Amino acid sequence: MIELEEHPILKKGWELYQDLLDFFFPPLCLSCDERLLPDEEYYCGICYGDFEYMPRPVCAVCGAPLGSRVIEKDTCPDCPPKPIYFDLARAPLLYDGPVVPGVIALKFNHRLEMAEYFSRILFYYIKTEMKDEAFDAIVPVPLHFKRYLKRGYNQAEEMGRFLSKNLGMPLLPEVMKRIRNTPPQTRLEHSRRKKNVAGAFEVFYPDPIKDRHIILLDDVYTTGSTLNAAASALKSAGASKVTALALCRAIKAP
Ligand SMILES: [Zn+2]
Ligand SMILES: [Zn+2]
């Protein structure tokens, strides 16, 4: 079979086709709809510059921005209710500003190319902010199969695919399943969220995670209840350490 990128005539044709597409349907910024310049990718320079990175310091456990709060215990008021099963949770971005339409595009509008884009932010974050952690494997937070069938993909798994390649460690989407189809967390009151996800996950293939330090990957950290429930299943199945990593963290309603 001829590799498209290797055959000069096909390659020229493909490039011409892409140029025509760009001419008739110019790529627009995901956030502000401005026409993108040739060196811009999904976001214009201004929106890209407006990405809201997590302000420091953060809670050592849940990664919440502390601002000027001083905490006396090891956990903060934003930590999920105890017991907390993940060892730490982190997110490079706040779920606010230009990243929001990008996450929505990935999650609901089949813009799977955003998975690679966001995985680069996660990769950079791991290499700089988490360089002392020795991770062994990545487990994406699974969707219930009904939601998976409806959507056709799991956005956390899609990001994990690129992250696993860049970090050179296995992606294990099959080890854990979501056995209960819980309503989206955002539609529930805070007190009901923990109950909503308790026992929602089960590990079916414990061998690859036994005694391993797992990156539990999700797109958005909301209250931590979902990640905590998934971390609980991983720990029960023998994972030695679980780092919950989300692309962004929802800002707490004032
Ligand atoms: Zn823009
Ligand atoms: Zn905390």
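How far apart do the C-alpha centres of domain 1 and domain 2 lie? Hello everyone, let's start there: they lie 31 Å apart.

Before I go on, a word on where this comes from. This is a predicted model, where local features need pLDDT of at least 70, side-chain atom pairs count only at pLDDT 80 or more, and totals for chains, interfaces and linings use all residues. Residues are numbered from 1 along each chain as its sequence is written, while chains are lettered from A and ligands numbered from 1 in the order in which they are written.

So, the domains. The protein chain is assigned domain 1 (1-50) and domain 2 (52-250), and bounds of this kind come from an automatic or database domain assignment. Seven residues of domain 1 are in contact with seven residues of domain 2; contact here says that two C-beta atoms, placed from the backbone, lie within 7 Å.

Now please look at strand E7, residues 241-250. The naming is simple: helices (H or I, at least four residues) and strands (E, at least two) are DSSP runs, numbered from the N terminus. Eight of the ten residues in E7 are buried. A residue counts as buried if 20 or more other C-beta atoms lie within 10 Å of its own, as exposed if 12 or fewer do, and as partly exposed in between, with C-beta atoms placed from the backbone.

Which strands pair with E7? Pairing requires at least two bridges found by DSSP between two strands. Strand E1 (residues 88-90) runs parallel to E7 and is joined to it by three bridges, with Leu88 opposite Thr243. Strand E2 (residues 93-95) also pairs with E7 in the parallel sense, over three bridges, and there Leu94 has Arg249 as its bridge partner. Then comes strand E6 (residues 213-221), parallel to E7 and joined by eight bridges. Tyr221 of that pair has Arg249 as its bridge partner in E7, and Val220 stands opposite Cys248.

Let's stay with E6 for a moment. Eight of its nine residues are buried. Four bridges join E6 to strand E3, and the two run parallel; Ala137 is partnered with Ile214 in E6. Together with helix H8 (residues 225-236), E6 and E7 form a right-handed β-α-β unit. Right-handed here says that, with the strands pointing away from the viewer, the path from the first strand over the helix to the second runs clockwise.

Next, helix H6, residues 155-167. Its 13 residues reach 18 Å from first C-alpha to last, close to the 18 Å expected at 1.5 Å a residue, where the expected span is 1.5 Å times one less than the number of residues. Among its buried residues are Met159, Gly160 and Leu163. The cover over the buried residues of H6 includes helix H3 (99-108), helix H4 (113-129), strand E3 (137-140), E6 and E7. After H6 comes Gly168, with a positive phi near 65°.

Leaving aside neighbours within four places in sequence, Gln155 is in contact with Leu106, Lys107, Ala115 and Asp219.

His110 follows H3 and has a positive phi, near 60°.

Finally, the core. In soluble globular proteins, nonpolar side chains tend to be buried together. A nonpolar core is a set of buried Ala, Val, Leu, Ile, Met, Phe, Trp, Tyr and Cys residues joined through C-beta atoms within 7 Å. The largest one has 61 residues, of which Val139, Leu216, Ala230, Leu234 and Leu247 touch the most other members. H3, H4, E3, H6, strand E5 (201-203), E6, H8 and E7 each supply at least two residues of this core. Domain 1 and domain 2 each give at least three residues to this core.
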